[in-house]
Amino acid sequence: MNEIQRAGNTIYDRYEELLLEKAALRKECFLTEREYTRVFGGDLLMLYRLQIECVRKKKTIEFCQRAVNRGEDPDEAALQAFIMKETEDLQENFRRLAAEYESARNVGEITEADLMKIRKIYRHLAKLLHPDLHPQTAESEDLMEFWNQIVVAYACNDLRALEELDVLVAVALTDEFGNEWKSDIPDLEERIKTLEDEIELIKSKDPYQYKFLLDDPGAVLEKKNDLQEQIHRYREYSEKLDQILEDILPEGMIILWSEGAF
């Protein structure tokens, strides 16, 4: 780092502080969203599954109605292919949400002591390698890979990975740069203003705002009740669609939904 710029220069310290604050907020958002998924994921998955079910039934009604209008019996193989194509993205989203829910449920507890170690190591590594402090990081494939691993480990509270990266980064920087790992950072005031704006934006949106909901047991209960009401309404809607479909289909024809849809 440029020594003249560093020595007694509080504007640089402010820039560094804001970079660390932004990283901490991103981590908080990651952990808050995971907790939100853990608390509400079961209900959200059920609701999403019912929504997909209703989409499938509406698409089936649409397909069968066109066939009936042509005076034909619906082709079951063509129907299944049509439904799978129309709901492919929805099914993929469902699988992703299910995986996130399972991951959130299996997260282990972490001690306050380990959290302090994680914060300390991350701050040290950020000062050494953060691309906004050291443009050379972005120019080096190896260093950028280290930085990406640091960001992920920090977000996931992976103390062991951060401890290993702390050693590996020190060796890499010494081997490549010796004691000449310095950077000049232009336009600090402009960068600071941009960071301040970004931080305020993060705080104003989800998933950061989820934490206020999660910290309020009454709000959590209200949210769960709301999700249950939506689930009930979609179940009723699904039954109505069944009746519409039954009225459209030729006598004796039954639609067998594929078990692989989810």
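Let's start with one cysteine: C54 is buried, with a relative accessible area of 2%. Keep in mind that this is a predicted model. Below we look at the cysteines and then at helix α3.

**The cysteines**

- C64 also counts as buried, at 0% relative accessibility.
- How many disulfides does a search of the whole structure find? The search comes back with zero.
- C54 is in no disulfide, and its nearest cysteine sulfur, that of C64, is 16 Å away.
- Because a disulfide needs two cysteine sulfur atoms within 2.5 Å, the 16 Å from the sulfur of C64 to that of C54 leaves C64 in no disulfide.

**The two sides of helix α3**

- Helix α3 covers residues 76-86, and its buried residues are L79, F82 and I83.
- Looking down the axis of α3, you would find these buried residues within an arc of 95°, so they line one face of the helix.
- Here is a handy rule to go with that picture: an α-helix has 3.6 residues a turn, so residues three or four places apart point the same way.

**What surrounds α3**

- Helix α2, residues 10-69, is included in what covers the buried residues of α3.
- At the start of α3, D75 has a side-chain oxygen that comes to within 3.1 Å of the backbone nitrogen of A77.

Terms used:
Residues numbered from 1 in each chain as written. Predicted model: local features only at pLDDT ≥ 70, side-chain atom pairs only at ≥ 80, totals over all residues. Heavy atoms only, no water. Buried < 20%, exposed > 50% of the residue type's maximum accessible area, 1.4 Å probe, protein only. Helix = DSSP H or I, 4+ residues; strand = E, 2+ residues; numbered from the N terminus. Arc of directions from axis to C-beta. Contact = heavy atoms within 4.5 Å. Polar contact = N/O pair within 3.5 Å; in protein donor to acceptor, adjacent residues only side chain to side chain.
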